[in-house]
Amino acid sequence: MTDSLETQSQDNLETHLIQVQSLLARMRLVEELVHKQGGPRQALVENLVHKQNLAELQRKLETLHPADIAYILEALPLVERRLVWDLVGAENDGEILLEVSDSVRESLIQTMDKAELLAAAESLDTDEIADIAADLPHDVIQELLTTLDAQKRARLQSALSFPEDTVGALMDYEMVTIRADVTLEVALRYLRRLGELPDQLDKLFVVDQGELLIGVLPLKRLLTTDPEASVAAVMVEDFVKFHAEDEAHEAAQAFERYDLVMAPVVDINGHLIGRLTVDAVVDYIRESADADMLSMAGLKEEEDLFSSVWNAAKNRWMWLAINLGTAFVASRVIGAFEGSIEKLAALAALMPIIAGIGGNSGNQTITLIIRGLALGHITPANAKRLVVKEIGVALLNGLMWGSAVGLFAWLLYDNPALGGVMALAMLLNLLVAALAGIFIPMTLERVKRDPAIGSSVLLTFITDSMGFFIFLGLATLLLL
């Protein structure tokens, strides 16, 4: 999709949202006016007006794709969200639950009874049910397992058995397989008999009688090669495949590296058990990016934009508490130099500059490192060179900008010694920031923790505390 088409699509989506919000606002206004008028048949009139407004809103919703409705639901406050959700056709419930964010899905599921949840889940494919299973009540999952046929039940149980962030949790079972000993003409007739093909299908999987994957047949070759040729003569035997236990982020990198549309998933014995498609990978990448962004901001989990004040506050407590603790430590560092600050008041005005620039520089390094770790670019073989390079960048920036702030302090306070201390403190704190920016995420990665979680908070603590300590310590030692 081109940039212009993407922009047009987003504009249309925002237009739909504005139209729904306008209908809701007009509904409230009209019903308030009718209520104020009074009259002998007040209740009847209000009921008729309410039904007319709901019918108009429902007609609007019927024209929208389930993904567009999901977008609108995420942008509405809870009361209006529930009103719109009640107007959505039951046949779309499953697809919408699949599209909305986890936090919004929870709020919608709370308004649904057991029968509605079962109907919504039964309308989805097995892998899609697995995607929302964590948010469904346990009794719904148990009853759902009893209503599915044996094949779907086995597939759902298999999908639920794989840990989150693995290929098995992302794969689906809509595959088209073919034998190697048939001709391409036979393969084409088989596809025509199937009628409807799975989405993102760009190849057929070639298996033997024991379902062992032996090759893939790209549709391009199937359509452009002599129909009398055998599948075995045309199939590709060197292809990308995944195991169900593989890490999802590694699979995502492979999809990007090899421009894959779909790829087979096999068990430890090489038997075909599913496929991984580009749409599932894109969804995983988007969700991972959202989670990393929230983690770096100190949020424990995805937060509904219109969640209650209590739930929103609880989601933010942990890192706020950690921030408070680190702030107390930094304040004690300053407190240790109260005597120096009393003798030279300029120190109080200048020390935030050292800490602030160190924090900004460290954030640049830490962002680069987290991205490198996510892409798998950082290995034990190149880690040392990376450290040397970042120290070199810190030294160059420290000399350049340390000289600038030193000159600024000299001219501002007419004190060349203070300017020298300022320049040296800046240089040293940028070195500290570079080392912290490298080793915090790499240490978290080493102990199997997400490098994005809490890295910026720890970095701020180090650059603030060390910045204050270095600057005030040097000032006390060299000036006072």
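Modeller: Buried means under 20% relative accessible area, exposed means over 50%, and partly exposed lies in between. Keep in mind that this is a predicted model.

Biologist: Is E95 buried, exposed or partly exposed?

Modeller: E95 counts as partly exposed, because its relative accessibility is 38%. This residue sits in helix α5.

Biologist: Which residues gather with E95 in a patch of negative charge on the surface?

Modeller: The patch holds E95, E99, D131, E164, D165, E196, D199, E247, E250, D279, D283 and E287. Two elements, α5 (93-99) and α16 (278-296), each give two or more residues to this negative patch.

Biologist: Which element gives the largest share of the negative patch?

Modeller: Helix α16 does, with 3 residues.

Biologist: Now the sheets. How do strands of a sheet pair?

Modeller: Strands pair through backbone hydrogen bonds, and the sense is either parallel or antiparallel.

Biologist: In what sense do β1 and β2 pair, and over how many bridges?

Modeller: β1 and β2 (residues 203-207) are parallel, with 2 bridges. Within this pair, T177 is opposite F205 of β2.

Biologist: What is the order of the strands in the open sheet that contains β5?

Modeller: That sheet has 3 strands in the order β4-β5-β6, again with mixed pairing. Its edges are β4 (242-243) and β6; each of these has a single partner strand, so one side of each is without a neighbour in the sheet.

Biologist: How many bridges join β5 and β6, and in what sense do the strands pair?

Modeller: β5 (residues 262-266) and β6 are antiparallel, and 5 bridges join them. As for individual positions, M262 has T277 of β6 as its bridge partner, and P264 is opposite R275 of β6.

Biologist: Which residue takes a positive phi in the hairpin of β5 and β6?

Modeller: G270 does, with phi near 90°; the hairpin has 5 residues between the strands.

Definitions and conventions: Residues are numbered from 1 along each chain as its sequence is written. This is a predicted model: local features need pLDDT of at least 70, side-chain atom pairs count only at pLDDT 80 or more; totals for chains, interfaces and linings use all residues. Side-chain values use heavy atoms; hydrogens and water are left out. Two strands pair if DSSP finds at least two bridges between them. Helices (H or I, at least four residues) and strands (E, at least two) are DSSP runs, numbered from the N terminus. Patches are made of residues with over 30% relative accessible area and no salt bridge: like charges are joined within 9 Å, nonpolar side chains (Val, Leu, Ile, Met, Phe, Trp, Tyr) within 5 Å. Accessible areas come from the Shrake-Rupley method with a 1.4 Å probe; for residues, only the protein chains shown count as cover. A salt bridge is a side-chain nitrogen of Lys or Arg within 4 Å of a carboxyl oxygen of Asp or Glu. Lys and Arg count as positive and Asp and Glu as negative; His and the chain ends are not counted. The place of a charge is taken as NZ of Lys, CZ of Arg, CG of Asp or CD of Glu. Buried means under 20% relative accessible area, exposed over 50%, partly exposed in between (1.4 Å probe, protein chains only).
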